[in-house]
Amino acid sequence: MSRRRRALAAAWLLAGAATVGAAPVAEETVQAIAAQLRCVVCQNLSVADSPSETANQMRGIIRERLARGETPDQVRAYFVERYGTWILLEPPRQGFNLVVWVAPFAALALGLALVAGVMWRWRRASDRSRAAAAPRPVDEAGRERLRRELADLDAR
Amino acid sequence: MIPELGYAITATALLMAVWGAGAAAGSVRAGRPALLLSAERAAVGAWLGLTLAMLLLVYAFLTFDFSVRYVALNTNRGTPFYYRITALWGALEGSIVLWAWMLALYTLIAVRRYRRRQPELYPWVLAVLLGVLAFFLLVMTVPAPPFERLHPVPADGRGLNPLLEDSGMITHPVALYLGFTGFTVPFAFAMAALVTGRTGEEWIAITRRWTIVAWYFLSLGLLIGGWWSYHVLGWGGYWAWDPVENAAFMPWLTGTAFLHSVMIQERRRILRLWNLTLVILTFGLTLFGTFLTRSGIIGSVHAFTQGAIGHFFLGFLALVLLGAFSLLAWRVDRLRAQGELDSLLSRESMFLLNNLFLVAATFTVFFGTVFPLLSEAVRGVKVSVGAPYFNLVNIPVFLGLLLLMGVGPLIAWRRASWDNLRRNFVIPVAAGGGAALLARALGLGNLLVLTCLALVVFVAGAMTLDYVRAVGARRRSGDGWGAATWGLLRRQNRRYGGFVVHLGVLVIALGVAGSQAWSVQTETTVKRGEHVELAGYRVRFERLTASEESNHAKVTGVFTVANGNMRPATLLPAKKFYPQEQSPIAYVDYRLGLIEDVYLVLGDFARDGSHATIRLQVNRLVSWLWIGGLVLTLGTVLAILPDRRRPA
Amino acid sequence: MTARVALRAGIPLAVVPLLLLLAYGFRTDPRAIPTPLIGKPAAPFSLTTFAGEPVSLDGLRGRVVVLNFWASWCVPACYDEAPVLERGWRAWRDRGVTLVGVNIQDTEDAARQFLARFDHTFPNAPDLGGRVSVDYGVYGVPETFFIDRAGRVRAKHVGAVTDQVFERHVRALAEEPS
């Protein structure tokens, strides 16, 4: 009962934190950088996508830093300094992390090689069986039977 | 009373399942058909027990019986009626109950269908099904009992996670689990085939419909999950490559590969080893999926709580994989069949490539999902692998699959002659290229979207050409268009069901490409009475209102949305404050359209309602994903219709 | 023959490395993010407390600083550690240690109520805009940083602080030579 009253009160109280928006600094750049950073309180959402308050604040920080003249790389580096490489939504392409970047293409290449090998073997098997199935000459008895049966058919 | 009763029922069902599995296997070994009968009765008993357990839980929910811990954690006195029923599968323990119940139901269906028709395979199928059921019943009894008693009984419950108070919650788990559990049956048949040595095409023909139905429900579950994410979570997206989403996607990928690959085995009697591997992988991945969701080893928005349950699932996964692959290794000699291919340009090759791409995609998704774990194990460094990575590495493979969708159904078996290629592909290729050029001329610059468009038009063109020719042939014998189409669909329902399913995939592909390329968004603060403009839409902030619902408080922003063409609409995005949640839940409002959706999220607001921060998105072509799902449904229904080709 | 047997055994054994990796997963906590800040200079901050006074890291150079991030909606952890922090403050304030509480993503009224409830006498300031919490790589509440006299972060504790944890870190830093 009183819990609900408190919740309603909380609703209005929480309203105090609204900030009036500052002039956007190339909003697309803010969103682009935010899309590469992981929202720390959500699971697997980017800072650009997350509707959480923390993500909101992080977007504000990105905006501020860009307005101060920092480059996108510098902004990203700032976050990595504070949170570690974990905050980047894709692992940096260096060191051990190269494994995850290379693996998909290596797997595809390996698979292609395997499939090619299989197809080649099947081609060979097909060639061989076709050669084996090449028509052999019919012997005399066979030819005679053939003539008789054809004559039978014609007579009907 | 309920906790003890429920626990007793669960334990009894577990014992029956264990007995049944042993009896079914034993009936073959010992040559005693009475054991098989006993096993069947045990299966019925287990299903009855699970049904009773479910009804008991629902009863506990409806009567606010907070002595049951699960009820107390997932509802409170304010939870609306229908959510009290669906809260049954709202959290970990209940979800296992649902899974087990579906598995038991499928087992009963299998009993009815196959006890007479497949006397050789049937006992082993039953044994495997009951064995898997026994595992889930074990989980329900030991690490995650839904009937745990809560002491002392609280006056009110905690309440359902507010994100779950939604229609998506009612349908998403049901569809998804029907898909997951559905794959148990083909797996059971595969194991039976290996054990009995009857590794021919028999088990494939039997399980064809099971596989399609399971695949369909999995697809449906994934789409509903996307819909739920889109309209509830407030970020305007439908797929985040979250580890648990990936875990459901992977069996879908291998399941699709399996669906196609069995067509080769049916025709040409080859690839037996591969198909068995695929079905084991698919089932293994469904287990891996539930393991990931419940073990807490990889963080996810879906993850249920941690605990000993993860160990149980890992143990079972190990048992299944090691056991199944050992069986496979044992029977490897029986599975060797030499394939023959006359030309690289043939349907067999296309199917092989299809499998290659799907399995490569599975590997990619899998590796990306477990890489954070690997990185921590090897280097002690935590990294994230998220959407940017998965989008990048998967695009080539998915485009390749689109291409194959067009080529595969029309190219000839064994060897495609130049004539065959010319007849079937010149026009579609021209159409695809033409569409891309036209789009480019109209200003579309995004290369990926252009490629996707070209491929989609190519595939649609190839299918249309085939259809027109086939109907044309029928019409020559006097039928009209309608009758000819109907006859075609009924006679060759497998083929044209597949076409319609492919069409559904095309629609979804276009939806994905369009929404990624053309959606726009903005985030800004508006004062009362002022408006924001985006993509031709004008959104005006009217006022804020507050209200109290049964289990939460709500602050709603009233916004009017208009663009030149449509009537002004009112959007009511809100922030809901649930007492049991730490932060408010954003409630999105949107206006869906065929081409565009307007999507509004309420952020911060001033107490006096003078201004509010909003996130406004105009998302394009997202509705095509849901439409594609409908088309998929039609195609699946068509594909599983009884065959009219052969006389009964 | 042995080659074939090896190949056959290889099929099931191939899954073992994967199972081992997954088993390793039980030992890790996906929610625990190690901080790269240990040993690095602490980020400077300059805030105004709820009492209206300024507090900044530079102003505290030469003292051991315990920086605690909290919120009134952080139940139950922040509530559990609040008395611990107040006790620790009272015990160490005259021994060269300062405790600063930073309140994040909260409302003023709720925060003040929290402070009054636990009778906090150490400086507490709201972090409007979240700059300080992001500067310290905070990803949840409560989190506590232990900063030495030279202004370097020496330890981070995630979750509610207990008397033992507080004592251990503060004593180690306080007993260091200046």
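B:Thr560 sits in strand 4 (residues 553-562) of chain B; helices (H or I, at least four residues) and strands (E, at least two) are DSSP runs, numbered from the N terminus. The model is predicted: local features need pLDDT of at least 70, side-chain atom pairs count only at pLDDT 80 or more, and totals for chains, interfaces and linings use all residues. Residues are numbered from 1 along each chain as its sequence is written, while chains are lettered from A and ligands numbered from 1 in the order in which they are written.

**Around B:Thr560**

- B:Thr560 is partly exposed, because 14 C-beta neighbours fall inside 10 Å. (Buried takes 20 or more other C-beta atoms within 10 Å, exposed 12 or fewer, partly exposed lies in between; C-beta atoms are placed from the backbone.)
- Neighbours within four places in sequence aside, B:Thr560 is in contact with B:Arg540, B:Glu542, B:Pro568 and B:Thr570. (Contact means C-beta atoms, placed from the backbone, within 7 Å.)
- B:Ser547 is 13 residues away along the chain, and its C-alpha atom is 20 Å from that of B:Thr560.

**Chain B overall**

- Chain B holds 19 helices and ten strands.
- Its radius of gyration is 27 Å, close to the 26 Å of the globule rule for 648 residues, so chain B is as compact as a globular protein of that length. (The radius is taken over C-alpha atoms; the rule is 2.2 Å times the number of residues to the power 0.38.)
- The C-alpha trace of chain B spans about 80 × 70 × 60 Å along its principal axes.
- Of its 648 residues, 54% count as buried.
- Among contacts in chain B between residues at least 6 apart in sequence, 72% join residues at least 24 apart.
- Chain B splits into domain 1 (1-161), domain 2 (417-518 + 625-640) and domain 3 (520-621); the bounds come from an automatic or database domain assignment.
- The C-alpha centres of domains 1 and 2 of chain B are 44 Å apart.

**Helices 11 and 12 of chain B**

- The axes of helix 11 (residues 272-295) and helix 12 (residues 309-330) of chain B come within 9 Å and cross at roughly 175°. (Axes are lines fitted to C-alpha atoms, for helices over the stretch in contact; angles run from 0 to 180 degrees between N-to-C directions.)
- The two helices of chain B are therefore roughly antiparallel. (Under 35 degrees is roughly parallel, over 145 roughly antiparallel, 65 to 115 roughly perpendicular, the rest oblique.)
- Their contact residues divide into 15 nonpolar, five polar and one charged. (Ala, Val, Leu, Ile, Met, Phe, Trp, Tyr, Cys and Pro are nonpolar; Asp, Glu, Lys and Arg are charged; the others, Gly among them, are polar.)

**Interfaces**

- 52 residues of chain A are in contact with 62 residues of chain B.
- Helix 5 of chain A gives the most to the side of chain A that touches chain B, with 15 residues.
- That side of chain A has 29 nonpolar, 15 polar and eight charged residues.
- 18 residues of chain C are in contact with 17 residues of chain A.
- Helix 4 (108-118) and helix 5 (131-135) of chain C each supply at least two residues of the side touching chain A.

- C:Val75 and C:Pro76 are joined by a cis peptide bond, omega about -5°.
- The bond from C:Val141 to C:Pro142 is cis, with omega near 0°.
- B:Trp241 is not a glycine, yet has a positive phi of about 55°; B:Trp241 is buried, with 20 other C-beta atoms within 10 Å.
- B:Arg269, not a glycine, has a positive phi of about 60° and is in the loop between helix 10 and helix 11 of chain B.

Key. Contact = placed C-beta atoms within 7 Å.
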